[in-house]
Amino acid sequence: MPGLHDLSMVMNPIDSAQGLPNEHYVSDDMFAAEREALLFANWAGIGFAKDLEPGEAMPVDLAGLPLVALRTHEGEVKVFQNTCRHRGMILVERKKKLGGVLRCPYHSWCYALTGELVATPHVGGPGMNRHDGIRRDQLGLVEMRSYVWRDVIFVNVNGRAPGFTEYAGEAIARWSEFERQTLLAGGDESSFTFDIACNWKLVVENFCESYHLPWVHPGLNSYSRLEDHYNIEVPGRFSGQGTLVYRPMIETDGSAFPDFPGLSGKWDTGAEYLAIYPNVLMGTHRDHAFAVILEPNGKDRTRELVALYYSTEEAAKGDGLEPLRRKNAETWYGVFEEDLFVVEGMQKGRKGIRFDGGRFSPVMDGPTHCFHHWVASHMGCAVQAAE
Ligand code: FES
Ligand SMILES: [Fe+2]
């Protein structure tokens, strides 16, 4: 695999570490290698559970791997490879309501929403719906390990990662006060997407750190200064940042979102932002939360899906708080939009053939280096496995 021998410099202590070499951002071969080692070997986010009513299915593309996520009539979210076991037809091309089964549009083989193959019309000849050579019990849909946390549907494609609650255990524990809460998705105004001309890792790297606030987010920085932030680093798992001066949004008439109940004093003015490696970003505050899924669409294309969540039905969907909800969504849209020129600019900068991966501020860039270290260690494992 290309260039992997260089990564010892990335693994160095932060004072002397270099960032990932250019090829991790500009090479199709490296994108493919990282797809296996980072996205498929770990728990990657693919979509939001809020987008699936019982009996609905939606196609999802994970870096070129076609998946279908669906919710059974019993309410369980499941993820399958979106490929028919007969002749390999794509099963679901756009989001839809299923009847009792998932029917392939080609020859009408039908699968239960739990994946079993339940109908094979005329497979043994006209009017013969069975054939001894076609063992239905061996031809169910290929299911991916999946887990829903904070409304994000995570999948482990290669099946070999630790269980999700172990994989994300430290993050779950860190935000355990929110585990007993229900995160209720806001309405249409509370979800938005960006199509970004950069490698997905650059969005993670930028989200992790607060160093850029004064220059990229002057509005945020006017009340949440650099010195009000702290780094969060859990090597091998996640990193991010927190603020000590979060202030809930209040409407001119005094209305505000209700807080999640029973939180400790830490959250009175605290808020935290975590990158759950590889491709999920999350934020939590006393009165709302967000989740971001990064869809890697090639070495230099990323779709960023953002969704906002609230503590009560009234806050999430009610008319009374609709103006405030809209304002909150616009504020976050603006913040994420402000980041676009730097993540796209870093992608452009990586065409500089003599760029050496760059350096990290030993004080301010810890969370970003933590992510690079994670990438390098997983790519190192991939090399060892290939040898
Ligand atoms: S390819 Fe699906 S039924 Fe033939
Ligand atoms: Fe930012």
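Guide: Two strands pair if DSSP finds at least two bridges between them. Helices (H or I, at least four residues) and strands (E, at least two) are themselves DSSP runs, numbered from the N terminus. Here, strand S4 (residues 77–81) and S9 pair in the antiparallel sense over two bridges, and Val-79 stands opposite Met-144 in S9.

Visitor: Before we go on, what should I know about the model itself?
Guide: This is a predicted model, in which local features need pLDDT of at least 70 and side-chain atom pairs count only at pLDDT 80 or more, while totals for chains, interfaces and linings use all residues. Residues are numbered from 1 along each chain as its sequence is written, with chains lettered from A and ligands numbered from 1 in the order in which they are written.

Visitor: In what order do the strands of the open sheet come?
Guide: The seven strands run S1-S10-S9-S4-S3-S2-S5, with antiparallel pairing. S1 and strand S5 (96–97) are the edge strands, each pairing on one side only.

Visitor: Which strands pair with S10, and over how many bridges?
Guide: On one side, strand S1 (residues 44–48) pairs with S10 in the antiparallel sense over four bridges; Phe-154 in S10 is the bridge partner of Gly-45. Strand S9 (residues 143–149) also runs antiparallel to S10, joined by five bridges, and there Val-148 stands opposite Ile-153. S9 and S10 form a hairpin with two residues between them, and Arg-150 in that turn has a positive phi of about 50 degrees.

Visitor: Is S10 (residues 152–156) mostly covered or mostly open?
Guide: A residue is buried if 20 or more other C-beta atoms lie within 10 Å of its own, exposed if 12 or fewer, and partly exposed in between, with C-beta atoms placed from the backbone. S10 is mostly covered, with five of its five residues buried. Val-152, Phe-154 and Asn-156 point one way, Ile-153 and Val-155 the other.

Visitor: Why does Gly-320 count as exposed?
Guide: Gly-320 counts as exposed because it has 11 C-beta neighbours inside 10 Å. This glycine is found in the loop between helix H9 (313–317) and helix H10 (322–338).

Visitor: How do I read a kink in a helix?
Guide: The bend at a residue is the angle between axes fitted to the seven residues ending there and the seven starting there. Helix H3 (residues 28–40) has a kink of about 35 degrees centred on Glu-34. Glu-34 is also one of the buried residues of H3.

Visitor: Which residues have the most contacts inside the largest nonpolar core?
Guide: A nonpolar core is a set of buried Ala, Val, Leu, Ile, Met, Phe, Trp, Tyr and Cys residues joined through C-beta atoms within 7 Å. The largest one has 93 residues, and those with the most contacts inside it are Ile-46, Leu-67, Ala-69, Val-155 and Ala-275. H3 gives the most to this core, with seven residues. Domain 1 (4–42 + 168–386) and domain 2 (44–150) both give residues to this core, so it lies between them. Such domain bounds come from an automatic or database domain assignment.

Visitor: How many residues of domain 1 are in contact with domain 2?
Guide: Two residues are in contact if their C-beta atoms, placed from the backbone, lie within 7 Å. By that rule, 15 residues of domain 1 are in contact with eleven residues of domain 2. S17 gives the most to the side of domain 1 that touches domain 2, with four residues.
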